[in-house]
Amino acid sequence: MSIPRSALRIVLGDQLSDPLSALDGLDPARDVVLMAEVRDECTYVRHHKKKLVLVLSGMRHFAERLRARGVRVEYVTLEDPDNTHSLRGEMLRAVERHAPERVIATAPGEWRLSQDMAGWQELSGVPTEILDDTRFLCGSRQFRHWAAGRKSLRMEFFYREMRRGHGVLMEEDQPAGGRWNFDKENRKAMPRGVVPPIAPSFPPDATTLAVIDMVERLFGDHFGNIEDFSLPVTAEQAALALDHFVTERLVGFGDWQDFMRTGDPVLFHALISTSLNLGLLDPLVVCRAAETAWREGLAPLNAVEGFIRQVLGWREYVRGIYWLNMPEYGGRNALGATRRLPDFYWTGETRMNCMAQVVRDTHDNAYAHHIQRLMVTGNFALLAGLDPDQVDEWYLIVYADAYQWVEMPNVRGMALFADGGIMGSKPYAASGAYINRMSDYCGRCAYDPKLSVGPGACPFNALYWDFMSRHAQKLEGNTRMAMPLRTLERMAPEKRTSLQTQAGDFLAAMDRGDQV
């Protein structure tokens, strides 16, 4: 009978899951788990301080969870004087200390790390296994197989395959309720009198408080507010957050999932994306919980389907798009956008109330919901022609749930159309009318969403038509853009000129650093 070979098993900061492939078959008597806080991962972009607290506290709690099971965990803190501050360096140090017969890791979630880890075996001289990340419901190879031979890779058709394959919201071979998609029912404006339930919070324990202190000392100049940290950092806390959403807020999620309200960025949203992306929640468990709520009459189908589409559809789809197209995807700029990211993306100091509200909420909470990200900050970046590299980096920095596999396709693909239509069937460009309809922002704004030119005109309006004018030739073959392009073609020349002048003046003022 062969004796199992000793292994150094490496757990990364977003891999805090009991069923992680790198931990499969772990022998507590022979194996060592390495977890390392390294400056490289804290600073490759200047992450929001709450993101750093989330990941580092989550790591420390997970290490204790493993130790409680009798696992030998070697944990390297940021302030360890011998820390090399790279994952590669800490792997090499651990190999030297423990002389394992093999190194085992789960594939990382970002291309840059996957390229680095591919060289670990040669560097260490120890056989190294990089295992698939089985925590997702569609592996990279499965997605590649689905995509092969398709002219377009639309999420809707992928989502249907995922529903069928996992038996989620199905009645035999048909979708529950007779329809795959209830999105049209999920775009309602929220009446003023609706008061969403207060989201649960998880006050910091001693471990998290120590991390908060460390992050403030080491990364105090990073973006964001570190006060009032209350995100889930353990699997138990994440399960409580999921249960609260399913029992208290899912019922209102569908109707008002696209609405935006001043001072309340959460509304009926789940607030579990940080837990999912950190590995504290299983996506299929999340989907089953929502489906059970519908089957038990606790939530309507449009809410449950809309939520499951985000988890089983969008989340798995964007990861598939990322790994299918990297590294080339990270350089795509189909619309040739080059404008510098304006300072108000960091400060919130702008007369555009929608932008000010979303940036301030983001600064304070490391969170904004999907429509705020897509149709306010993303929409403005699209219309203004902001450089995709700078916009990509901003989103990766400011949100606690942002990892490149999920951030880049959502930004470069959905928000900016920089991928030329790999993800989206059209650019998600919108004027001020959309923001006025789907928020209460415009009533408190210096600009009027009903005006397109002149003093006080909403910048989104002129920018929208300027965007259409600049890219009409590229978009003319897109059937979903036919209506606005026909409107542009029929527009009186003097009106078109005045809109372009209005947009040009606004962008020039913005580029000068004037408050706009």
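**Entry 1: the largest cavity.** I began with the lining of the largest cavity, whose residues divide into 13 nonpolar, three polar and six charged. A reminder to myself: this is a predicted model. The space in this largest cavity comes to about 360 Å³. I then looked up its 22 lining residues and found Gly13, Asp14, Glu41, Val55 and Tyr403 closest to the centre. Helices H1 (39–43), H2 (49–68) and H4 (111–117) each give two or more residues to the lining. H2 has the largest share, with five residues.

**Entry 2: another cavity.** I counted three cavities of 30 Å³ or more in the structure. Of its 13 lining residues, I noted Cys354, Cys442, Cys445, Cys458 and Phe460 as nearest its centre. This lining has eleven nonpolar residues, two polar and no charged.

Entry 3: Next I turned to the second largest pocket, with a volume of about 530 Å³. Among its 31 lining residues, Ala199, Ser230, Leu231, Val266 and Leu271 are the closest to its centre. Helices H9 (235–256) and H10 (273–278) are the elements that give two or more residues to this lining.

**Entry 4: H9 again, with a partner.** How do the axes of H9 and H11 (residues 283–295) cross? I found that they come within 10 Å and cross at roughly 30°, which makes H9 roughly parallel to H11. The crossing is right-handed. Here Leu242, Val246 and Leu250 of H9 meet Val286, Ala289, Ala290 and Ala293 of H11. I sorted this contact by class: seven nonpolar residues, no polar and no charged.

How values were computed
Residues numbered from 1 in each chain as written. Predicted model: local features only at pLDDT ≥ 70, side-chain atom pairs only at ≥ 80, totals over all residues. Heavy atoms only, no water. 1 Å grid on protein atoms, 1.4 Å probe; cavity = no way out; pocket = protein on both sides within 12 Å on 5 of 7 lines; lining within 4 Å. Points joined across faces, edges and corners; volume = space filled by probe spheres on them. Helix = DSSP H or I, 4+ residues; strand = E, 2+ residues; numbered from the N terminus. Axes fitted to C-alpha atoms, helices over the stretch in contact; angles between N-to-C directions. Parallel < 35°, antiparallel > 145°, perpendicular 65-115°, else oblique. Left-handed = near helix turned anticlockwise from the far one by under 90°. Contact = heavy atoms within 4.5 Å. Nonpolar A, V, L, I, M, F, W, Y, C, P; charged D, E, K, R; others polar.
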